[in-house]
Amino acid sequence: MLRNYKAVGRVLYGRNAFAQLDDIFEPLRVDAGSYVLFLLDEYFEGKDLVKRIPMKNGDLIRFMDVTDEPKTKVVDALVEEVMNEKGMAPVSVVGIGGGSVMDYAKATRLMFTNPGSSARYQGLDLIKNKGVHCTVVPTISGTGAEVSMTTVLTGPEKKLGIKGDFTPADQVVLDPDLISSVPDPQHFYTAMDCYIHNVEALNGNRKTVMGASLGRESLQLCQEIFLSGNSRTPENDEKLMVASYLGGLSLTYSEVGACHAISYGLATVTGIHHGIGNCIVFNQLDEFYPEEVKEFRKMMEINKVDLPKGVLKDYSSEDIEKMVDVALTLTFMWAHVAGPEWEKVITREKLRDLYMKM
Ligand code: NAD
Ligand code: ZN
């Protein structure tokens, strides 16, 4: 059976798009007491961007701590706090930030209309009720969270997305000016999430013409940016924002692969963040993506990125086994990489050896 995919609703795109934010909420503010809940990356606390948010009477703003990747308990506490204060759901939940804050917004909007803890809904199609309107505004580009049908959360038991038709945002605002302040090398690490999404979407059994076409265009933009010698220009910011969007879409019609499966194992045990974690893993994947890994190293060299080495030297062999366990649970990714008989080639020994090299 083919899935009838639900895409993101509206896309406001272009330089200074942020100035038009108010136009999105105006038609939603229909009842007395209508309010918007703005979630911002904590980086913006005290910065000029906060003054540009079209706050109206009753709107709420919360600065999100992104030291750790998004957690179900933070989502649950936020919804409870807001409901206690307001007694009604917001007309839109707005996430202004990176993958972390956009995922917080995408999850929070669902929990105003679905009972219990968000941890109950980690998985595919477990959400039963449409959430409130959701707007996402990326301020760092690469994850594709702005367009994807998943919100990745760490719960008491697992790191797993809430995924389904109710998850994509209703509105995306793509304003390339917003990403100019992202520091190096974070800019590179998150951008490489996009590069890796494309490499994985383009290599594997679940590849489709739709996924590959979007992935190829996104990959080419990444190459133009990171082989150019100066990745930090306004023109390249715009290219990266578009690459992230296309890369995220490309995965809807394909699948992530070896790097994401192994990186999920790494993140679950060590808490290493997604962007840098993917880079550490990808640097060891010559066997899976030989040409692309070579190109990735060239991009690191050109952009003077020094990956941390020996990141697992203080972890025990039990920890490494746990990482292998997690990586092996991602069976759909491995089937994409190596076909239905993947278990014959993706062995514990192979994965263990790869982790030991990191
Ligand atoms: P992030 O959101 O964690 O942000 C990284 C850092 O950049 C933070 O310190 C943040 O404060 C800072 N930052 C953000 N914007 C900035 C700006 N304009 N100027 C200065 N600093 C800025 O990083 P990310 O890589 O975008 O997101 C990672 C998260 O995304 C992970 O939790 C991962 O699981 C999730 N993810 C989700 C999807 C999805 O489809 N939903 C896909 C991939 C990754
Ligand atoms: Zn990713």
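Q: What makes both faces of β6 count as covered?
A: In this predicted model, His133, Thr135 and Val137 on one side and Cys134, Val136 and Pro138 on the other are all buried. A residue is buried if 20 or more other C-beta atoms lie within 10 Å of its own, exposed if 12 or fewer, and partly exposed in between, with C-beta atoms placed from the backbone. In a regular strand the side chains alternate between the two faces of the sheet.

Q: Why is strand β6 called largely enclosed?
A: Strand β6 covers residues 133–138, and six of its six residues are buried, so the rest of the structure largely encloses it. The strand itself is a DSSP run (E, at least two residues; helices are H or I, at least four), numbered from the N terminus.

Q: How do you know that β4 and β6 pair?
A: Two strands pair if DSSP finds at least two bridges between them. Six bridges join β4 (residues 92–97) to β6, so the pair qualifies, and the two run parallel. Valine 93, for example, has cysteine 134 in β6 as its bridge partner.

Q: What makes β6 and β9 a pair?
A: Two bridges join β6 to β9 (residues 171–174), in parallel, and at least two are required. Valine 136 stands opposite valine 172 in β9.

Q: Why are β5 and β7 called edge strands?
A: Three strands form an open sheet with mixed pairing, in the order β5-β8-β7. β5 (123–124) and β7 each pair on one side only. Two bridges join β5 to β8 (residues 159–163), which run parallel, and leucine 124 has lysine 163 in β8 as its bridge partner.

Q: What makes helix α9 mostly covered?
A: Nine of the nine residues of α9 (residues 274–282) are buried, among them His274, Cys279 and Phe282. These buried residues pack against α4 (99–111), α5 (186–202), α8 (258–270) and α10 (290–302).

Q: How do you know that domain 1 and domain 2 touch?
A: Residues are in contact if their C-beta atoms, placed from the backbone, lie within 7 Å. By that test, 19 residues of domain 1 are in contact with 25 residues of domain 2. The touching side of domain 1 has eight nonpolar, seven polar and four charged residues. Nonpolar here means Ala, Val, Leu, Ile, Met, Phe, Trp, Tyr, Cys and Pro; Asp, Glu, Lys and Arg are charged, and the others, Gly among them, are polar. The domain bounds, 10–179 and 186–357, come from an automatic or database assignment.

Q: Which residues are closest to ligand 1, and how many surround it?
A: 30 residues surround ligand 1, the closest being Glu69, Gly98, Gly99, Ser100 and Ser148. A residue is near a molecule if its C-beta atom, placed from the backbone, lies within 6 Å of it. α4 gives the most to this shell, with four residues. By class the shell has ten nonpolar, 16 polar and four charged residues. Domain 1 and domain 2 each supply at least three of its residues.

Q: How are residues, chains and ligands labelled, and which confidence limits apply?
A: Residues are numbered from 1 along each chain as its sequence is written, while chains are lettered from A and ligands numbered from 1 in the order in which they are written. In this predicted model, local features need pLDDT of at least 70 and side-chain atom pairs count only at pLDDT 80 or more, whereas totals for chains, interfaces and linings use all residues.

Methods
Two residues are in contact if their C-beta atoms, placed from the backbone, lie within 7 Å.
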